[in-house]
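Work through the exercises below with the sequence and the model in view. Each task is followed by a solution in steps.

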Amino acid sequence: MITISNKNTKKKVKLHEIAELSSGIYLKGSPAGKVFCLQVKDLLMSSPETTATRIEYTPKLDNYLLRNGDLLFAGKGTTYLCKVFELKIPAVPSTTLYSIRLRSNIISPKYLCWYLNHPSVVAAVKTEQAGTGTPLIHKPTLENLEIIIPDHETQRRIVELSFLQKREKEILEAIAKKRMQITNQILINELKK
């Protein structure tokens, strides 16, 4: 078991040392299905359960069912993203996703998600992708990815700062949109005079 004892200590480990990686599954959809099969496009939505394909439960799915705190990493295509699974629905990843289940408490799922979404990590992963039409990231590439793990407090602060950056961006975009609407209304009102 890997442990971090001192504050401000950083540890570098390979992803496979702290997590189990699994490929997703493909099953034919069924409108009556009770299990959601998540794809990359669903992870980009605010409510994935409204867009995800439903599939029928079979015992074969038991090894694929996601738990809260598992990470979903896009392994196929050009959308590089990682999301923490926090939905209260029975779900499995599709073949376009890898699920990452932490085996160690030295790292939080949200910090690992932030780390895997960091532009420098995405760039490093991209250099290892295979194929051109639909690029593929091979499982060993992810498993051997080096993860820098700071102490828990630093992880918490990084996650919090990342959340605040996203909120700031959303607010600034909303302000810009509102400003444009007001300006357009003023201009049209002037034309109507």
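**Exercise 1.** Which residues of H7 are buried?

Solution. The model is a predicted one. Begin by locating the helix: H7 covers residues 152-192, 41 residues in total. From its first C-alpha to its last it reaches 60 Å, close to the 60 Å expected at 1.5 Å a residue. Next, apply the cut-off: a residue is buried when its relative accessible area is under 20%. The residues of H7 that count as buried are Gln155, Val159 and Ser162. Finally, look for their cover, which includes helix H4 (109-117) and strand S9 (146-149).

**Exercise 2.** Find the backbone nitrogen that a side-chain oxygen of Asp151 reaches at the start of H7.

Solution. Go to the start of H7 and take the side chain of Asp151. One of its oxygens comes to within 3.1 Å of the backbone nitrogen of Glu153.

**Exercise 3.** Is Arg67 buried or exposed?

Solution. First place the residue: Arg67 lies in the loop between strand S4 (53-55) and strand S5 (71-74). Its relative accessible area is 52%. Exposed means over 50%, so Arg67 is exposed. Then list its contacts: leaving out residues up to four places away in sequence, Arg67 touches Phe85 and Arg101.

**Exercise 4.** How does the radius of gyration of the protein compare with that of a compact globule of 193 residues?

Solution. For the globule, the value would be near 16 Å; the protein has 20 Å. For the outline, take the box filled by the C-alpha atoms along the principal axes, roughly 75 × 50 × 35 Å. For burial, 35% of the 193 residues count as buried.

How values were computed:
Residues numbered from 1 in each chain as written. Predicted model: local features only at pLDDT ≥ 70, side-chain atom pairs only at ≥ 80, totals over all residues. Heavy atoms only, no water. Helix = DSSP H or I, 4+ residues; strand = E, 2+ residues; numbered from the N terminus. Expected span 1.5 Å × (residues − 1). Buried < 20%, exposed > 50% of the residue type's maximum accessible area, 1.4 Å probe, protein only. Contact = heavy atoms within 4.5 Å. Polar contact = N/O pair within 3.5 Å; in protein donor to acceptor, adjacent residues only side chain to side chain. Rg over C-alpha atoms; globule rule 2.2 N^0.38 Å.
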